[in-house]
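Dear colleague,

Please find the structure below, handed over for your reference. A short account of the findings follows it.

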Amino acid sequence: MDTITHGLFGYTMYRCLKKEDIPAKEGKALLFVSLVSNQIPDIDVVVRVTETGRIMEQMWHRGLTHSLLFIPIWALLIYVLVRLMFKVTNWRFFHLSLFGVALHDFVDCFNAWGTGLFEPFSSARITFGTLPIVDFVFWGLFLAGFLFSYMKKHIPKQRIFQWVALGMLLHFSIQTAQGLIVEQRAEQRYDRVELATSFVPWHFRVIGKTGNHVELTDATVWSTSRPVAALKSHEETDLSPLFNQNPKAKVLYEWSPFVVVVNDSKRLGIFDPRFNRDGESFVSEYIEKQ
């Protein structure tokens with residue numbers, strides 16, 4: 001998910017907690033833990049400052065920092081910071097940190113980018129593709145709760161944001177259940193299937209591959225699939241020149257569930273068909289032919 005959505009999850013988590021009759025410094029510590037735990041796995045964006053990091057970004061982002069191994073490590077780091085900054089020692093803050101970091105990693109598994117949940121033992125990206133990177137339903141639920149809490153001051157904010165959290169969970173469950181049904185249906189027609197999601201709720205993009213043919217279709221649970229594009233992948237192509245001249249292409253090849261190989265008179269390259277929009281994928285790597 002995007003940074004804003006993770007932040008909204010963190011603030012919602014904070015608002016759901018009971019904070020009456022606790023010292024002010026503990027209240028501040030709860031806010032710190034809720035926000036930081038929901039953001040800290042994305043600290044891996046700093047890899048972009050080096051040339052190697054820019055080449056490996058596709059694999060390193062959402063890699064080790066988003067793994068199961070790092071969940072307790074991040075939680076312990078946040079707990080230590082809380083002890084130093086706010087002088088509180090309750091292990092509640094460690095447990096809350098665990099939940100926040102795990103929530104970040106878990107939700108990221110459900111969009112097309114996926115996470116390296118089992119790194120460093122496996123570089124496979126775990127992705128279900130049932131949520132968009134930016135989900136405006138989550139934003140809308142948070143905004144509704146935020147406005148409602150100011151209009152209805154007689155209702156405890158904790159109760160209102162518990163409703164918001166429940167709404168987010170229901171949206172996630174319904175959206176994911178429908179996506180998995182769409183994917184299961186598609187698996188009967190193709191050798192390999194991946195799923196991507198529209199910004200419109202309950203609308204999905206199915207990417208199906210059989211042999212060297214890739215089809216893109218738009219689908220919902222309640223309607224017939226609509227063909228979007230038919231692509232041919234030049235699977236027999238030797239990609240060594242591409243990988244030698246463009247190291248990012250090899251990273252993309254390893255990162256993607258499968259790629260479409262382009263080999264025409266002008267260029268050699270690969271792209272991830274899950275991110276194909278208006279005939280072009282924004283996740284691609286090419287070299288120009290001489």
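Predicted model: local features only at pLDDT ≥ 70, side-chain atom pairs only at ≥ 80, totals over all residues.

**Helix packing**

Helix 6 and helix 7 are roughly antiparallel to each other, a term for angles over 145 degrees. Helix 6 (residues 136-151) packs against helix 7 (residues 157-186) at about 165 degrees, the axes lying 9 Å apart. Helix 6 passes helix 7 in a right-handed crossing, meaning that the near helix is turned clockwise from the far one by less than a right angle.

Residues are numbered from 1 along each chain as its sequence is written, and side-chain values use heavy atoms, with hydrogens and water left out.

Helix 1 (residues 3-16) and helix 5 (residues 92-108) pack at about 145 degrees, with axes 11 Å apart, and their crossing is right-handed. Here His6, Phe9 and Met13 of helix 1 meet residues of helix 5 including Leu96, Phe99 and Leu103.

In helix 9 (residues 247-255), Ala249, Val251, Leu252 and Trp255 are buried (under 20% relative accessible area, with a 1.4 Å probe and protein chains only). The buried residues of helix 9 fall within an arc of 160 degrees seen down its axis, so they line one face of the helix.

With kind regards

Notes:
Buried < 20%, exposed > 50% of the residue type's maximum accessible area, 1.4 Å probe, protein only. Helix = DSSP H or I, 4+ residues; strand = E, 2+ residues; numbered from the N terminus. Arc of directions from axis to C-beta. Axes fitted to C-alpha atoms, helices over the stretch in contact; angles between N-to-C directions. Parallel < 35°, antiparallel > 145°, perpendicular 65-115°, else oblique. Contact = heavy atoms within 4.5 Å.
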